[in-house]
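Subject: Structure handover

Hello,

Here is the structure I said I would pass on.

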Amino acid sequence: MKQTITFIVVTMATILCTTHATAQKYPFQNRSLPTNQRIDNLVSNLTLDEKLSLLEHQNPAIERLGLKPYSWWNEALHGIGRNGTATVYPMPIGMAATWDCGLVEESFRAIAVEGRRKYANERQHSNYGDNKGITYFTPNINIFRDPRWGRGMETFGEDPWLTAQMGLAAVKGLQTKLDKNSLLAAACLKHLAVHSGPEKTRHRFNSKVSVFDLWYTYLPAFEYIVKNSDVQQVMCGYNRINGEPCCTNSPLLSDILRKRWRYDGIVVTDCWALNDLWERDAKTPRHETHADAVAAAAAAFGGEVDLECGSGLAALKGAVAAGLVGQEQVDKHLRRVLRTRLLTGVDDPVDLAKLPRTRSRALDMARESIVMLKNNGVLPLCLPGIEQRHFKQEVRHDIHRLAIVGPNANDTAMMLGNYNGQPVNPITPLEAFTEYAITTANGNLELFTERLNNLVEKPQYDDSIYLEGCIDHLKNYDAIVYFGGLSPALEGEELDVDCDGFSGGDRTRIELPDIQAKTIKALKQRTGKPVILVLCTGSAIALGDVAEHVDAILVAFYGGEAMGQALFETIADCSNGALLGRLPVTFYASTGQLPAFENYSMANRTYRYLKQTPSYPFGFGLTYNGSHSLRNLRYDARSRSVTGILRVEGHPREEVVQVYAKGSNMPDGCEKTLVGFVRTEERHSEASDVPFSGLFYRHDVMFSIPVNYEAFRYYDDATGQMRYPAAGTKITLQVGFSSDDKDLIDLEITLQ
């Protein structure tokens, strides 16, 4: 969605006069009436041309009815995007690493409130273009099936159930009810449904997918959210699925979305996706499945598309004039569009004082999104002036001289990811450590700061001269923190990037860039000092033997405006209640473990189907706790929940308990699948703290985890339906702290 068209239709004075003249003139303007009654009245007062004009994303004003101009295109992926100043949260892949649905919902509610205030300000200044409204093309709930996909950072990871839960939380936050007939904003599930690269050929790419993978991997998150929310929009993608473009794919949009799932909201195209059906471009080949723009419009609006993000209004009018799209179909599409327009109140004044009270959770989200992959005891760093809150080291390694190095140490653009706004006060890791050294350590901490090298390109200096001198100097420091990884300038949506390891926004290999690997090894080998590696990334990185040359590894993803502060607090263990995250994706050992990128079969992909051993499994993450264990595990058939007690010797808010299904009754090729999880919190504890070892506290935290019963379904070839196993079927549940068998306890259950 790259094109941007801004338009201004009328002046503020005209709006005020028109609004006054039409106040309460029509029943549809009465917000106390039932929504369907308002829609009936509005449809009856529109001409055919006016109706059609409302089916393109840039709606013109209809002054005689008091309708103002409106653009449906806005983004709220991790904060209000592309519209000036806004709070910037971690990219969704980082949000998923929190495994904290409550925090995700609160964050998206705060995003929607901020967006509502911005919308009111834009209307006051007669700004009606794209990226101004309160209907958001958010969230992206595609499955991150392969770490080479550049847009994977926009998703909630590789697992259908984690994605479903995070996506539902985002929808609930954005679509918070203001009253029974009014929503704070409108969300959009994208991109239905088999869409995860390659970016370079997405306008002509055909995703070939089996019925099994479609129903067991690509559709479940969409199905769950559609059935468990009133999500207002679903977006069809650019690519084809099994030969048919997504936006004219009748099996997907009609049979599955409309009929089976009974979805009656808006289907909106990805922006200018219909152009891919008919445009001929020798330089950039496209689907070219339809003769012309009219034929493409007829196929889309003669099917299930309600709203085109694009500029095909003339083609739609041509399709209607030719009788290819009937007026009844036009009214059906229009009613869906108007329902969301009326529910969000884009034409109505809103008392901003009555909006939900929220606060930014950007720092909390950044804290919880950080995943610790390795720690040989060097973390947390014992910095002068800091009292560590959750961990006491028996042997302290006091740090008075600290080196902050690496290409991502002071890169604001990296932190903000893509589809972002511009924060007021972003804090990079270097800035956070510098501020601490100046104000908190009272001069007792000396910092060394140096970029050392670029992310990918060969550095513009002679290694034998520069590195030698630099590393000789670092021998005098107590510890080294290297901020490396990737950048959204290299991985992302349809980027003009073609260099070693990267192509068109995707990656061609998942290993850490060679120049970084060489530098990190040199730092450890030549200084002998503790080295902490911080990976800034939107996807999994294969570290190879680099992991053996560092003392600790943190994955920070692209953590938003507060990323630097969160990393400083985590490294020093000085935050007030900071939590660590868990991996929402598998960290493979090498590119060689992956099938071909263009292959959409799930065989040997993600933890659910991987036969080899990864470097770090899905769901994995270390904490600063002493130890943890589970006991009294039971399955309650009536509530379909796993209950038990989590014993933590340390801080009780440091664990994510996960439940997987595994066994002979799982679908062919599936090793296991996540069916439930909970992030334990201190307020859930029902037992008193018990002193333990003088340093820690022992906590017993009772938990109950609902099990996703839908995961037990199987596809019945004879009926083409998903069916539940027969009563009495034996299933093995595994309960623990990652998807790795060694971190899990088996619990045999019988389905009722």
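Are Cys271 and Cys309 buried or exposed? Both cysteines are buried. Please keep in mind throughout that this is a predicted model.

Disulfides

The count of disulfides comes to 2. One of them is formed by Cys271 and Cys309, with the sulfur atoms 2.0 Å apart. Its torsion about the S-S bond is 80°, and the link is right-handed.

Cys236 belongs to strand 7 (residues 233-236), and Cys247 to the loop between strand 9 (244-245) and helix 9 (250-260); the two are 11 residues apart. Why does Cys236 count as buried? Its relative accessibility is 0%, and buried means under 20%. Cys247 counts as buried as well, at 3% relative accessibility.

With the bonded cysteines of the protein numbered in sequence order, the pairing reads 1-2, 3-4. Cys246 takes part in no disulfide: the nearest cysteine sulfur is that of Cys247, 6.5 Å away. Cys246 has 1% relative accessibility and counts as buried. Cys470 is in no disulfide either, and the nearest cysteine sulfur to it, that of Cys536, is 18 Å away. Cys470 is buried, with a relative accessible area of 8%.

Asn181

Where is Asn181 found? It lies in the loop between strand 3 (177-179) and strand 4 (182-183). Although in a loop, Asn181 is buried, with a relative accessible area of 16%. Leaving aside residues up to four places away in sequence, Asn181 touches Arg31, Ser32, Leu33, Thr35, Leu342 and Leu343.

Helix 7 and helix 8

Two packed helices are described by the angle between their axes and the distance between the axes. For helix 7 (residues 211-218) and helix 8 (residues 220-228), the axes come within 5 Å and cross at roughly 50°. The two helices are therefore oblique to each other. Helix 7 contributes Leu214, Trp215, Tyr216, Thr217 and Tyr218 to the contact, and helix 8 contributes Pro220, Phe222 and Glu223. Sorted by class, the contact of helix 7 with helix 8 has 6 nonpolar, 1 polar and 1 charged residues.

The sheet and the helices on it

What is the order of the strands in the open sheet of 6 strands? The order is 11-19-18-14-12-13, and the pairing is mixed. Strand 11 (371-375) and strand 13 (446-450) are the edge strands, each pairing on one side only. From one strand to the next, the twist averages 15°.

Within this sheet, strand 18 (residues 531-536) and strand 19 (residues 552-555) pair in the parallel sense over 4 bridges. Leu533 stands opposite Ile553 in strand 19.

Helix 16 (residues 429-439) packs on the sheet and touches strand 12 (401-405), strand 13 and strand 14 (479-485). The direction of helix 16 makes about 160° with that of strand 13. Helix 18 (residues 514-527) packs on the sheet too, touching strand 12, strand 14 and strand 18. The direction of helix 18 makes about 170° with that of strand 14.

Helix 14

How many of the 8 residues of helix 14 are buried? In helix 14 (residues 362-369) the number is 7, and the helix is mostly covered. The buried residues are Ala362, Asp364, Met365, Ala366, Arg367, Glu368 and Ser369. They pack against helix 4 (92-98), helix 5 (101-124), helix 19 (563-572) and strand 23 (673-679), and also against strand 11 and strand 19.

Regards

Notes: Residues are numbered from 1 along each chain as its sequence is written. This is a predicted model: local features need pLDDT of at least 70, side-chain atom pairs count only at pLDDT 80 or more; totals for chains, interfaces and linings use all residues. Side-chain values use heavy atoms; hydrogens and water are left out. A disulfide is a pair of cysteine sulfur atoms within 2.5 Å. Buried means under 20% relative accessible area, exposed over 50%, partly exposed in between (1.4 Å probe, protein chains only). Contact means heavy atoms within 4.5 Å. Axes are lines fitted to C-alpha atoms, for helices over the stretch in contact, and angles run from 0 to 180 degrees between N-to-C directions. Angles under 35 degrees count as roughly parallel, over 145 as roughly antiparallel, 65 to 115 as roughly perpendicular and the rest as oblique. Ala, Val, Leu, Ile, Met, Phe, Trp, Tyr, Cys and Pro count as nonpolar, Asp, Glu, Lys and Arg as charged, and the others, Gly among them, as polar. Two strands pair if DSSP finds at least two bridges between them.
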